[in-house]
Amino acid sequence: MSLDPCKVQLTADGRLKHFLTTEGLSKELLTEILDTADSFISTQERDVKKVPLLRGKTVVNLFFENSTRTRATFELAAKRLSADILNLDIARSSASKGETLMDTLWNLEAMYSDMFVVRHGDSGAAHFIAEQVTPHVAIINAGDGRHAHPTQAMLDMLTIRRHKGGIEGKIVAIVGDILHSRVARSQIHALRTLGAAEVRVIGPGTLLPHNIENLGCNVFYRMEEGLKDCDVVIMLRLQKERMQSALLPSESEFFKLYGLTEDKLRLAKPDAIVMHPGPINRGVEIDSTVADGAQSVILNQVSYGIAVRMAVMAMAMSGQQQEKNERNGEGA
Amino acid sequence: MSLPNIETLFTALNADLSRYLAEQSIQNPLFVGIRTGGVWVAERLQHSLALQGDLGVLDISFHRDDFSYIGLHPEVKGSELPESIEDRHIILVDDVIMSGRTIRAAMNELFDFGRPASISLVCLLDVGRRELPIQPDLCGAVLSLQEGQHVKLTGPSPLALTLA
């Protein structure tokens, strides 16, 4: 990979053409994504939820890793933009028969696809694909290894903006398994760019990556200290499937120290909101009374997820279209 | 070429619209303006006719037919329409009608909100060059521009016409 992933996702005049990471994107561009998503929220409340923007385009959901919510919301987003969508569960298809990644992609390109939504277990997979595919095919990263999950981060930014009035000046705590979380990395970049006053990460030393403070956040090992005066508390799922070594004594021990209960939430500001990217493990990282409580906006996040994915897909397709027109113009 | 006086245009359009509503027996019209200039014109007309009720606003960015050519408009603001447009008589308002494509997009979008009883089209200026079979029911004036010339409404206060 020769190029900076941030550059790869932009056209020559700085518009989005892939969406691979929030890292390095300007405040203006992140704000444009949020503004566009806001407009799509209003279209989602109508009787007819579809708009004709991507009519005739073909989107392929390319999931090398399991996911229910992300895949479903990408599928709905594509359908509500009037695109045709093909769902491929690669984990159970050609890849298991020995076809290489690039062979799979070339086959899909031969079906005249316009956009790939990629979820992959390896960090950098979406970036690799973006560099290999034919021009005009947009790549949206739906989560790659421990690296990034930019649409999740942007739907979280939209949630904060809609429920707290903005991101500037807010104190945001991200709690739990930061080590395995691509969501946390994407969130930290977006929060820093959008002007959060302070980004905190809270978790046991074994679940915090080395040098995480270099991303511009403050590290806390105790909830009692880290939650103080927070405007937003983002709980992360304990990624049991990624736990390959004994990083924790037990789930119940984790809940005792880092699980969000009503008592611990009282340390944050009284109007703090509680977020979680899902799926939630009740009684492991979050107590049911908090997950279902008045301060929880977890289900709102899911609704906003569709609007954010519609925005990113429309913007990336628009960027690809512009590049294509310019290229055709030069050829003429 | 000189542009018509905007106050004269509004005076004539007000009278025409008042007569039109009476002829069509439309009691409670719903004014819907197309962003941005159409909203200003719709506001002004609704106010002058002393008609009550919410003003609808349409942003047709998601329904344009030139997405393949120019992509997504970077400043989409969204549409705002009252609770229901079902069975309402809609007065659709734009500042300048030219190709007719904006009106096509606007009507498509309106039907995403429901089935209105009727739609009438009111434009401040008609500059010709139509590309679709769409004509305004009422318009303030018809202009013929030279090639490459465009007329633009600036506002909201004061409203003014400029030639570019």
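Ser82 of chain A counts as partly exposed, because 15 C-beta neighbours lie inside 10 Å. By definition, a residue is buried if 20 or more other C-beta atoms lie within 10 Å of its own, exposed if 12 or fewer, and partly exposed in between, with C-beta atoms placed from the backbone. Ser82(A) also has a positive phi of about 70°, although it is not a glycine. Its place is the loop between H3 and S2 of chain A. Helices (H or I, at least four residues) and strands (E, at least two) are DSSP runs, numbered from the N terminus.

Before I continue, a word on the source. This is a predicted model, in which local features need pLDDT of at least 70 and side-chain atom pairs count only at pLDDT 80 or more, while totals for chains, interfaces and linings use all residues. Residues are numbered from 1 along each chain as its sequence is written, and chains are lettered from A and ligands numbered from 1 in the order in which they are written.

Phi of Asp87(B) is near 60°, a positive value in a residue other than glycine. Asp87(B) sits in the loop between H3 and S3 of chain B. Is Asp87(B) buried or exposed? Asp87(B) counts as exposed, because it has 10 C-beta neighbours inside 10 Å.

The bond from Gly278(A) to Pro279(A) is cis, with omega near -5°. Pro279(A) belongs to the loop between S9 and helix H11 (288-291) of chain A. In chain B, a cis peptide bond joins Ser157(B) and Pro158(B), with omega about 0°. Pro158(B) lies in the loop between strand S6 (151-154) and strand S7 (160-163) of chain B.

I now return to chain A and its strand S1, residues 58-63. Five of the six residues of S1(A) are buried, so this strand is largely enclosed by the rest of the structure. S1(A) runs parallel to strand S2 (residues 84-89) of chain A, and six bridges join them. Strands pair if DSSP finds at least two bridges between them. Asn61(A) has Asn87(A) as its bridge partner in S2(A). From S1(A) the chain crosses through helix H3 (residues 69-80) of chain A to S2(A), and this β-α-β crossover is right-handed. The term means that, with the strands pointing away from the viewer, the path from the first strand over the helix to the second runs clockwise. S1(A) is also joined by five bridges to strand S3 (residues 115-120) of chain A, again running parallel. There, Asn61(A) stands opposite Val117(A).

Chain A also holds an open sheet of five strands, in the order S7-S6-S5-S8-S9, with parallel pairing. Which strands form its edges? They are S7 (218-220) and S9 (273-275) of chain A, each pairing on one side only. Strand S8 (residues 232-235) of chain A and S9(A) pair over three bridges in the parallel sense, and Val232(A) stands opposite Ile273(A) in S9(A). H6(A) lies across S8 and S9 of chain A, at about 165° to S9(A). Axes are lines fitted to C-alpha atoms, for helices over the stretch in contact, and angles run from 0 to 180 degrees between N-to-C directions.

The axes of helix H2 (residues 27-44) and helix H6 (residues 150-164), both of chain A, come within 10 Å and cross at roughly 70°. H2(A) and H6(A) are therefore roughly perpendicular to each other, a description that covers 65 to 115 degrees. Ile33(A), Leu34(A) and Ala37(A) in H2(A) meet Met154(A), Met157(A), Leu158(A) and Arg161(A) in H6(A). Residues are in contact if their C-beta atoms, placed from the backbone, lie within 7 Å.

Chain B has an open sheet of five strands too, ordered S2-S1-S3-S4-S5 with parallel pairing. Strand S2 (56-58) and strand S5 (138-142) of chain B stand at the edges, each with a single partner strand, so one side of each is left without a neighbour in the sheet. Within this sheet, eight bridges join strand S3 (residues 89-97) to strand S4 (residues 118-126) of chain B, which run parallel.

Finally, the two chains meet: 15 residues of chain B are in contact with 19 residues of chain A. H3(B) gives the most to the side of chain B that touches chain A, with three residues.

Terms used
Parallel < 35°, antiparallel > 145°, perpendicular 65-115°, else oblique.
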